[in-house]
Amino acid sequence: MVGVVWFGPDAESHRGLCHGGAMSSLMDDFCGHCAFVTSDAPWSGATVQVNVALKKPVKVGSVLRLVGRVTKRERRKAYVEAVLDDGGEDPEIFAKLEGLSIDGVQMSEQEDEISKRQWEVHTCDKGRRHRRDSGWNIKPGSIKLSDFDGET
């Protein structure tokens, strides 16, 4: 999985630098999502261990790349590794994650629309298959950049 992150002013800790807790929280959330997308159903799991090594300070306002994957599965256990970097050819690394999520954990006993969600499999125009949470009512091509910033 690959994501893009922007650390805004609310993430500031020391004189224009991002708080390590904000970076660790991001890595924790990413660990869970890596495990979710490889599980049988959306939102059926929990991160139980997160080890984050903060390698370099991140300036507030930075746009960075987050790359991660499930490296191993043992029954319900999903082992995840991720790197927060600048996205360059020889990337500058800001943080590394090693995490463990458990599949099939229900965090709520509530029976509602969220508990009924399933994975939908889609194929992009380049032929790659990806899964999307059935609760995300986003259809391919329905969102344009101009919907957010007023430009095309």
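Q: Why is the contact between Arg65 and Asp85 called a salt bridge?
A: The closest N and O atoms of Arg65 and Asp85 are 2.9 Å apart, and a salt bridge is a side-chain nitrogen of Lys or Arg within 4 Å of a carboxyl oxygen of Asp or Glu, so the pair qualifies. Arg65 lies in strand E5 and Asp85 in strand E6, so the pair links parts 20 residues apart in sequence; strands (E, at least two residues) are DSSP runs, numbered from the N terminus. This is a predicted model, in which local features need pLDDT of at least 70 and side-chain atom pairs count only at pLDDT 80 or more. Side-chain values use heavy atoms, without hydrogens and water, and residues are numbered from 1 along each chain.

Q: What makes Asp85 count as buried?
A: Asp85 has 5% relative accessibility, and buried means under 20% relative accessible area (exposed is over 50%, partly exposed in between; 1.4 Å probe, protein chains only), so Asp85 is buried. Arg65, at 28%, is partly exposed.

Q: Why do the side chains of Asp103 and Arg73 count as a salt bridge?
A: Their N to O distance is 3.5 Å, which is within the cut-off, so the term applies. Asp103 lies in strand E7 and Arg73 in strand E5, so this pair ties together parts 30 residues apart in sequence.

Q: Is Asp103 buried or exposed?
A: Asp103 is buried, because its relative accessibility is 15%. Arg73 has 32% and therefore counts as partly exposed.

Q: How many salt bridges does the rule give?
A: The count comes to four. One of them joins Glu92 and Lys56, at 2.2 Å from N to O.

Definitions and conventions: Helices (H or I, at least four residues) and strands (E, at least two) are DSSP runs, numbered from the N terminus.
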